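This report describes selected features of a protein model in plain terms. Please keep the sequence and the three-dimensional view at hand while reading.

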Amino acid sequence: MTDRFSAMKLTYGEECFKAIQESKVLVIGAGGIGCEVLKNLVLAGFINIDVVDLDIIDISNLNRQFLFRMNHVGQPKALVAKDAVLQYNPLANINAYHGDVKTQQFDLEYFKKFNLVLSALDNISARRHVNRLCLSAGLPLVESGTAGYLGQVTIIKKGETECYECHPLPVPKQFPVCTIRSNPSAPIHCIVWAKMLFGKLFGGQKNGGDDDTNGITDMDNNIISGSEENGDIVRDEQLLVEKEKGYKRWVFHKVFNTDIQILAKMADLWKEKQPPSPLSLDNILDQKEIDETSKEGDQLINQLKDQKLWSFKENVEVFLDCAEKLKDQSEKENGLVWDKDDEISLSFVCSASNIRSQIFNIPMKSRFDVKSMAGNIIPAIGTTNAIISGLVLTEAIKIIGGRFNECHSTYLMKEPSSRRLLIPTSLEEPNPKCFVCNRNFITCKLNTDKVTVGKFVNEILKKSLAVNEPILTVGNDLIYEGGDQDLDKEEIAQRKKIEEKIMGQYRLVNGSQVIIEDYNQDFKVTMNIVHTNEFDEDIKKKKEEENKDQNRAKQQDEKKKEEDEKWFEIIGSTTTPSNENKKECDATNTNENGMVDDDDDFEILETPVPESLVCKTSSTASTNTTTTTNTTSLKRKYDEEDSEISDAKKQKSDS
Amino acid sequence: MAGISSARLSEERKNWRKDHPYGFYARPTTNTDGSLNLFVWSCGIPGKKDTIWENGVYPLTMEFTEDYPSKPPKCRFPKDFFHPNVYPSGTVCLSILNEESDWKPSITIKTVLLGIQDLLDNPNPKSPAQQLPIHLFLQDKDEYVKKVRQQAKSYPLAE
């Protein structure tokens with residue numbers, strides 16, 4: 001390396017700089033923060049960098065994602081970013097992947113290649129995924145994010161700090177159907193209603209579903225009150241008249257007159273505020289001018305500045321015009337999906353929500369405001385990204401340089417607090433109740449193309465892991481339910497069918513992350529499934545060794561020979577070194593108890609390869625039931641206490 | 001990737017299996033491969049004894065989102081279910097199912113089902129959701145009772 005890094009060496013010392021150069025760093029995301037982080041890494045002397053991003057470059061990125069130029073629009077972010085930062089240091093060894101980090105391509109094995117992960121993501125779901133993979137791999141993670149002027153950097157490390165999911169994440173607000181449908185009180189309620197109306201009218205089957213119809217009643221329903229059977233039915237006869245006059249008049253009358261009449265009749269809603277008053281199109285426009293006005297409306301859309309508030313009449317004109325156009329478009333394309341960047345779709349939602357706002361005495365909004373509210377847009381600011389990325393680098397260097405105890409969480413504020421915009425705080429301890437990080441991670445290697453679900457459940461989960469009545473979840477689905485007491489015949493029959501399936505053909509494929517719980521024990525572990533053929537080939541060889549080395553084993557149980565073949569391997573996750581020892585001790589005790597009662601475990605214990613069953617799981621509240629095994633000690637136990645085995649077996653049958 | 005929501009739902013499933021009110025049922029729906037979808041449950045609510053709803057078990061679908069339990073599930077009876085607080089689509093309008101009023105993450109599936117059972121015989125005229133039932137409920141009780149009893153017959157107790 002040239003002198004260009006002399007300042008780095010002076011600041012951080014030769015040793016730290018060497019660590020930097022030798023480290024392997026994974027950057028996830030090559031967007032606003034990602035670009036800055038990549039540039040920072042390369043300039044600081046990092047050499048081995050992988051970058052993953054699934055996005056392609058959009059023209060709206062160029063103001064802040066400075067590694068990209070106009071001619072890159074449409075190309076993958078990760079690849080272009082790699083080429084751009086290589087110009088800062090051509091010797092850097094950068095692997096760029098245009099792909100989704102949530103896919104199997106980037107599995108646990110992939111993550112384990114790195115020393116450090118820097119996440120520069122823009123969505124919660126990917127962050128959670130990365131959080132879990134890093135916990136699972138025991139990798140430190142620098143997590144960062146910005147929203148407008150605000151930003152945050154924090155460090156996540158299993159067993160040392162809070163993880164991303166230690167506390168519930170705030171969820172975007174959603175409005176109850178009742179408010180949207182009958183009783184709006186804020187502009188956003190009308191905007192949500194207008195988006196639902198869009199789905200109802202133009203969504204087609206693609207975007208339909210009767211869910212959305214909650215916001216709007218049946219288009220042909222003109223019953224204002226009463227019922228047919230009682231003979232006191234009141235109908236809005238005008239609706240049919242309007243329908244004859246054309247689509248846009250029909251829609252307008254239905255949603256701004258008929259439906260409003262119905263709502264106004266619900267006296268209970270309007271005790272404390274003014275009831276809405278239905279609109280009459282004829283009163284707003286001159287009947288004969290409608291066709292011409294719609295053309296004017298078209299021009300208006302183009303001429304008006306987005307930030308100007310439309311007059312009420314303009315809104316009505318835009319609404320009529322857009323309704324007609326969208327109907328044609330929807331018929332042509334067999335259903336539309338609302339898109340904030342589509343001019344006509346946005347104008348429709350803007351005008352419809354403003355007209356409804358007027359009816360309910362709610363302030364109207366400009367097209368610009370509606371766009372940001374309806375599209376949930378948070379502005380991105382380049383400066384914020386740059387500040388946050390600088391902090392990401394600082395924290396990364398601390399971690400790589402072995403100064404983890406100096407790491408901080410840092411918040412960037414909009415207003416200074418005690419004359420500071422940056423507020424560092426110390427890292428929080430993990431939440432002992434966290435359902436993500438206070439959980440054990442183990443890996444199970446086996447041949448998923450051969451082993452059945454039943455064998456997996458009975459031999460591995462029940463016998464080796466001492467899970468009594470396993471309940472398995474993958475993603476959003478419950479894939480296996482143990483426990484018989486309360487299941488009905490059908491449910492048990494269904495389970496039998498599942499047990500017969502081959503793992504790989506039923507959700508338990510290579511790379512699956514399955515959550516294993518017990519129906520009664522307070523036990524929970526996350527298992528990564530890894531497919532391998534290695535045992536099939538090894539079995540023969542190992543048997544020979546076994547015979548040579550372990551005469552005792554041979555005598556011990558003749559009839560078990562067949563089952564003695566090693567066909568799976570369970571590996572505990574890398575826990576933090578500081579508490580690992582303690583954990584192992586704790587766990588070993590429980591394990592001996594857990595294992596002794598299980599005669600099939602001979603197959604594991606007798607295998608001369610010590611790694612045959614090395615489950616290192618962290619000691620948590622649930623450890624009582626977890627299997628953490630130190631093979632050597634167990635083996636010794638068997639060697640010395642042969643006689644006790646039969647007792648132990650008895651114990652099992654007793655229990 | 002599923003998070004708190006699926007962890008909570010699998011907990012709900014466990015708790016329901018261990019203990020649930022008499023006459024009710026609630027179970028995640030079955031996927032084509034035989035696994036259970038934790039995010040959509042099919043449930044049944046029995047009408048209370050000695051009310052006009054008795055002798056019926058009313059099928060209800062509960063749909064959860066990734067934001068559960070921060071957000072309530074959506075509860076739906078069959079389309080056009082006859083009740084003043086049920087929308088024509090079948091969606092139940094009830095304060096404990098409303099994020100802005102009484103929903104709390106601690107509310108369990110059991111609580112929700114018991115709440116809806118209670119709502120059956122105690123409609124709330126202040127949040128009307130369907131015209132005919134609310135109209136009859138307020139102005140023509142006899143006809144209302146007739147309709148409810150008729151509906152009970154179409155959802156008979158199993159076996």
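## A parallel strand pair in chain A

In chain A, strand β2 (residues 48-53) and strand β3 (residues 93-98) pair in the parallel sense over six bridges. Two strands are said to pair if DSSP finds at least two bridges between them; helices (H or I, at least four residues) and strands (E, at least two) are DSSP runs, numbered from the N terminus. Within this pair, Asn48(A) stands opposite Asn93(A) of β3(A). From β2(A) the chain passes through helix α4 (residues 77-86) of chain A to β3(A), forming a right-handed β-α-β crossover. A crossover is right-handed if, with the strands pointing away from the viewer, the path from the first strand over the helix to the second runs clockwise.

The model is predicted: local features need pLDDT of at least 70 and side-chain atom pairs count only at pLDDT 80 or more, while totals for chains, interfaces and linings use all residues. Residues are numbered from 1 along each chain as its sequence is written, and chains are lettered from A and ligands numbered from 1 in the order in which they are written.

## Where the chains meet

In this model, 38 residues of chain B are in contact with 38 residues of chain A, contact meaning that the C-beta atoms of two residues, placed from the backbone, lie within 7 Å. On the chain B side, α1 (4-18), β2 (36-46) and α3 (131-139) each supply at least two residues. The largest share, seven residues, comes from α1(B).

## Cys93 of chain B

An unreviewed UniProt entry annotates Cys93(B) as "active site"; such annotations may be inferred rather than shown by experiment, and their positions are given in the numbering used here, with feature names shortened. Cys93(B) is placed in the loop between β4 (74-76) and α2 (109-121) of chain B.

Is Cys93(B) buried or exposed? Cys93(B) counts as buried because it has 24 C-beta neighbours inside 10 Å. The cut-offs are 20 or more other C-beta atoms within 10 Å for buried, 12 or fewer for exposed, and in between for partly exposed, with C-beta atoms placed from the backbone. Leaving aside residues up to four places away in sequence, Cys93(B) touches residues including Val177(A), Cys178(A) and Tyr87(B).

## His20 of chain B

His20(B) lies in the loop between α1 and β1 (25-30) of chain B. With 15 C-beta neighbours inside 10 Å, His20(B) counts as partly exposed.
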